Amino acid sequence: MAIGSDTQGTVRRPSIWNDPKTRAILYQAIVVVILTLFAAYFINNTAENLERRGIASGFSFLSAPAGFDVGMSPFLKYDPATATHGTVLIVGILNTLLVAFTGIILATVVGFIVGILRLSPNWLVSRLAYCYVETLRNIPLLLQLLFWYVAVLGSLPSKRESISLFDTFFLNIEGLFGPLPLPQPGFWAIPVAVTLAVVLVFAVNRWARRRQDATGQQFPVFPVSAGLLIALPLITAAVAGFPLEFEHPQQNRFGLRGGMIILPEFAALVLGLSLYTGAFIAEIVRAGIQAINRGQSEAAHALGLRPGPTLRLVIIPQALRVIVPPLTSQYLNLTKNSSLAVAIGGAEIVAVFAGTSLNQAGQAIEIIAITMAFYLAVSLLISMFMNWYNRRIALVER
Amino acid sequence: MRVRSVVIAAATATMAFAGSAQANLLDDVKAKGFIQCGVSTGLAGFSAPNDQGKWEGFDVDVCRAVAAAVFGDAEKVKFTPLTTKERFTALQSGEIDVLSANTTWTLTRDVNLGLEFIGVNYYDGQGFMIRKELGIKSAKELDGASVCIQTGTTTELNLADYFRTNNMQFTSVVFEKADEIRVAYDAGRCDVYTTDRSGLAAQRSLLKAPDEHMVLPEVISKEPLGPSIRHGQSEWGDVVRWALFALVIGEELGITSDNLDSMKTSANPEIRRFLGVEGEMGKQLGVPDDWAYNIIKQVGNYSEVYERHVGVNTPLQLERGINALWTAGGIMYAPPFR
């Protein structure tokens, strides 16, 4: 029976209090008012408490000189003489993003390889993958970080006995030293060439697929792409006269200085994070692959596809739909876990900004709020990207 | 979740939720029955747990003296180990009543952080420790060195200032806890370890081979170390301040934990006032009249505390230096007890 239908003739409108729509609006308004009052009370109370205890507040500390060194700042030159707490924040953010980015890529590579190996028909290989997953998954990350930092990287040779590779790379307890590329005039041509090569590779790919769809003939896409990617920038560089010089690390009385350095704190953090998260990703990948009906691979085999292409063309694309949502969580975990760097002297946002700056400036509430806002923003961005990717690869039903 | 985030989160929350009415902290402490004292996470001689897990040290004894004054029992203290990073937040938020953790008295901390420094129990200065094998004789030769430091300290700021003033470069390796730094320095991760000279002495005594390391002659800063309380707690501040002074006055008057009972019969009116035989000094402070007696009886005087934890006969081997009494060439001085 249709409520309020015309067939009934006159319909008595319910009183305004009994109208569900009005009531819903009213209740929501009440909740909003209470929440606002609550928030106002807390903010006011906090401000009062801060004032009574003589604690300064506000964000002006961001432009006050920081006066300390942050230890690692690969993207911008950090000078303790001029840096402000704002600079520290930026350095912290960049370092966190670098750790998260490197960690996510490494963890994904490790996770996919181990996840696939875990399903290998070879007993030894699958057992090894199994051991890796179970060991790393079940030990707290903090312990693993300490293990990598103290036990593994801490036992690197002293700076007097650096391990040297081709006299260009040096490894000792202070880190891995290598030449730092210094772009010279005319260097711009090389990134342009790289971009061009990438565009060409995409074009060749498309053309090859179309041709295969139309004629069934296969084109050696991989060697051609690789050739393009290597040759084009190389030829450009040669034409421009190799506009790149290298700053090599120099030995001073304390050890090697200058050049490019990968600090052991950073290495331990990235290693620990990606191997730990990689173990979880491996399980997600395994679950994703096993979620695909056996019939799919049987059908692929029946078509004459070898195991490699079967995995690449049939199984993985379908498995991704199962893999991507939990993978997003792992990416978020990795990003947030990077804050454990404080334990091993890392220099990301929690260590330098929510740590040192907080202590020197003393503005806990503002600094913690900024740090939380940063993590929230990064997490939401990762989620957004992964959700977009998930929609893109979702099964298109016709 | 890690302890430090919990502390900071709790502290931030406390500031948001703390009620507006704030009672007299001295009364609160008396009602609570013990003092909550913030100390460092472990610095030999200053505050570190002993074999039985009991906190011991120079900074620890300040808190024990306050407990002796308030409760007549130096054991009525609970200790909260705090990293340099957490310590101020813990005090601001009311998690601890006194902070006695090798903290340098600076203007910013006194004025801007909601703290109140109430005295100095150790006059210190920042120094540098290096390996002897480097063959360096002066801090001026440290250009290009990597330096291990503890985060959240004045040390960190002085270091940058000193290297900038002398036009030298350094790379810092930053840790949160004193023992993390010691391990890194011992492993050779950095060339130089910098902190207050008392701290260097403490850490050096714990290195694998203390004799292979030396402290450079330069003292690059003034580091008056002392206890602090929360801003705006005057009555409580008076008690902590005078408990600290009582240690020094005890030494000035020649009163030790051994001769204290015989001193009660002394004719010196200051000694008689000090031991609570005459006058009502305690009442004015809001504590029992024999408060200073209890401090010396249970904790000892300044000299006893010093020699027990950091003096020349301890692994730290610190001479009294400027921490000697003003009458003995130092600057340790307490206002008159009257």
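Two exercises with worked solutions follow, on a predicted model.

Residues are numbered from 1 along each chain, with chains lettered from A in the order written. Local features need pLDDT of at least 70.

**Exercise 1.** Determine which elements line the second largest pocket and which classes of residue the lining has.

*Solution.* Step 1: a pocket is an open set of points on a 1 Å grid over the protein atoms alone, where a 1.4 Å probe fits, with protein on both sides within 12 Å along at least five of seven lines; lining residues have an atom within 4 Å of a point. The second largest pocket holds about 700 Å³ of space. Step 2: it is lined by 14 residues, and Arg209(A), Gln212(A), Gln218(A), Arg312(A) and Leu313(A) are the closest to its centre. Step 3: two or more lining residues come from each of helices H5 (189–215), H6 (221–239) and H9 (307–337) of chain A. H5(A) contributes the most, five residues. Step 4: sorted by class, the lining has seven nonpolar, three polar and four charged residues.

**Exercise 2.** Locate Asn167(B) and Gln317(B), and decide whether Asn167(B) and Gln317(B) are buried or exposed.

*Solution.* Step 1: Asn167(B), not a glycine, has a positive phi near 55°. It lies in the loop between helix H6 (154–165) and strand E10 (170–175) of chain B. Step 2: the relative accessible area of Asn167(B) is 67%, hence exposed (over 50%; buried is under 20%, with a 1.4 Å probe and protein chains only). Step 3: Gln317(B) also has a positive phi, about 50°, without being a glycine. Its place is the segment after helix H14 (302–309) of chain B. Step 4: with 56% relative accessibility, Gln317(B) is exposed.

Notes. Predicted model: local features only at pLDDT ≥ 70, side-chain atom pairs only at ≥ 80, totals over all residues. Heavy atoms only, no water. Points joined across faces, edges and corners; volume = space filled by probe spheres on them. Helix = DSSP H or I, 4+ residues; strand = E, 2+ residues; numbered from the N terminus. Nonpolar A, V, L, I, M, F, W, Y, C, P; charged D, E, K, R; others polar.
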